[in-house]
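Visitor: Could we go through this structure together, starting with how its helices sit against its sheets?

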Amino acid sequence: MSKDSDVHIDTLLQHTATAAFDSQTGSAPVNLPSMRASTVRFKNLDALETVQRRKAGGQRAATYGRMGMDTHAALEQVFCELEGGTHAYLASSGLAGITMVMTSLLSAGDHALVADCVYGPVYELDEALLKRMNIELTYFSAGDDLESLVRPNTRLVYVESPGSLLFQMLDLPALSGFARRHGLVLACDNTWGSGYIYRPLALGAQVSVVAGTKYVGGHSDLMLGAVVTNDAAIAQRLNRTQYAMGYSVSADDAWLALRGVRTLPIRMAQHARHALQVCEFLSTRPEVARIYHPAWPADPGHALWQRDCTGSNGMLAVQLRMTPQASRRFVDALRLFGIGFSWGGFESLVQWVTRGELARHQYWTGADDALVRLHIGLEDPRDLIADLKQALEAAA
């Protein structure tokens, strides 16, 4: 379809990345095929050199199969549409996307400020790789005085909003103002919003990272990351790092993500409706001390959610007045919730959160209470509520 800034994102997602018509037959499949390639061949040297010049000028031009062909280019365009960016770079997972950001924007001797609510494996990335590269991270919470944490070698502010464990909403426009005053790049993990219900670039961030594994794919059958920016200088650094590090995504995974994103609007809305119904049930239970879900009116981040988001999803965490043993019985008694670490697929999931994971988050004030994270899937919420009810009774 032709580019129209007035077209709603729901319509763009249905018409972006469709197959072009064949010039001879005038026909085309609706879906762009999965175009697999390890080698790209050229008609002559002039054709090769033309592509190389385009590539050197910053255009997307494939000279080798690693960066992908039409299927990958179509998915990059989808991420740009979702996030409101100008450049998108694919990675083999969400964590690989985060690594791409860190290694593109930080060098040996640099310092970054990182929100303590970020995706847990970022802490492992810090310990296993960044420290060895002489890159130092300082973790902060929303109430900290960031001005006092800035150093002459600080280059980056990296956050996740909402956080992926307690769903703490951060004031991204305020963080953007802080970063720009100090000449820092603000990057945000936007897997929760996936560009559809939350858009960090529009709120002042220069980089947005999405694990397409989650809501973009939607079917728990692919691994994918994407880094999106609207800054040409940052895009150049991301482009060089992606190429130099050999990042590659299979064409079939890119195709699955294109298929999944078509139903993102209706899936996300259904997840959100179901999650609020579950919150309403949980709020009546004496075992529940607190519900962490920014769309829930009692959540401390609800006002920021109302201001900055256009919807919600199926993610929530529940603080339980239970011993660790009782909360384990609760998790094991669930019948419709699979035990697993991912989310964003069609199915409901539960994660039993350890004390060590909670210790990183200043937002957590639950003392000895237990925490479980739930992803509310597309099952009938009445069945999910009945399952939660029987599991709470089994835990007691």
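Guide: Helix H4 (residues 94-105) lies across S1, strand S4 (154-160), strand S5 (185-189), S6 and S7, and it runs at about 155° to S6. This is a predicted model, in which local features need pLDDT of at least 70 and side-chain atom pairs count only at pLDDT 80 or more, while totals for chains, interfaces and linings use all residues. Residues are numbered from 1 along each chain as its sequence is written, and side-chain values use heavy atoms, with hydrogens and water left out.

Visitor: What counts as a helix or a strand, and how do you get the angles?

Guide: Helices (H or I, at least four residues) and strands (E, at least two) are DSSP runs numbered from the N terminus. Axes are lines fitted to C-alpha atoms, for helices over the stretch in contact (heavy atoms within 4.5 Å), and angles run from 0 to 180 degrees between N-to-C directions.

Visitor: In what order do the strands of the sheet with S1 come?

Guide: The 7 strands form an open sheet in the order S1-S7-S6-S5-S4-S2-S3, with mixed pairing, where two strands pair if DSSP finds at least two bridges between them. Strand S1 (87-91) and strand S3 (136-140) stand at the edges with a single partner strand each, so one side of each is left without a neighbour in the sheet. From one strand to the next, the twist averages 20°.

Visitor: How many bridges join S6 to S7?

Guide: There are 5 bridges between strand S6 (residues 207-211) and strand S7 (residues 225-229), which run antiparallel, and the bridge partner of Val 207 is Thr 229 in S7.

Visitor: And which strands does helix H6 lie across?

Guide: Helix H6 (residues 172-181) lies across strand S2 (111-115), S3, S4 and S5, running at about 150° to S5.

Visitor: Now the sheet with S8: which strands are at its edges?

Guide: That open sheet has 5 strands in the order S8-S9-S12-S11-S10, and its pairing is mixed. Its edge strands are strand S8 (288-292) and strand S10 (338-339), each pairing on one side only. S8 is joined by 4 bridges to strand S9 (residues 315-320), the two running antiparallel, and Ile 291 stands opposite Val 318 in S9. Helix H9 (residues 264-282) lies across S8, S9 and strand S12 (370-375), at about 15° to S9.

Visitor: Changing topic, how many salt bridges does the structure hold?

Guide: It holds 13 salt bridges, each being a side-chain nitrogen of Lys or Arg within 4 Å of a carboxyl oxygen of Asp or Glu. One of them pairs Arg 36 with Asp 252, where the closest N and O atoms are 3.2 Å apart. This pair links distant parts of the chain, 216 residues apart, with Arg 36 in the loop between helix H1 (9-15) and helix H2 (45-56) and Asp 252 in helix H8 (residues 251-261).

Visitor: Is Arg 36 buried or exposed?

Guide: Arg 36 is exposed, with a relative accessible area of 62%, whereas Asp 252 is partly exposed at 32%. Buried means under 20% relative accessible area, exposed over 50%, and partly exposed in between (1.4 Å probe, protein chains only).

Visitor: What about Glu 76 and Arg 60?

Guide: Their side chains meet in a salt bridge (2.5 Å, N to O). Glu 76 lies in helix H3 (residues 70-83) and Arg 60 in the loop between H2 and H3, so the pair ties together parts that are 16 residues apart in sequence. Glu 76 is buried, with a relative accessible area of 10%.
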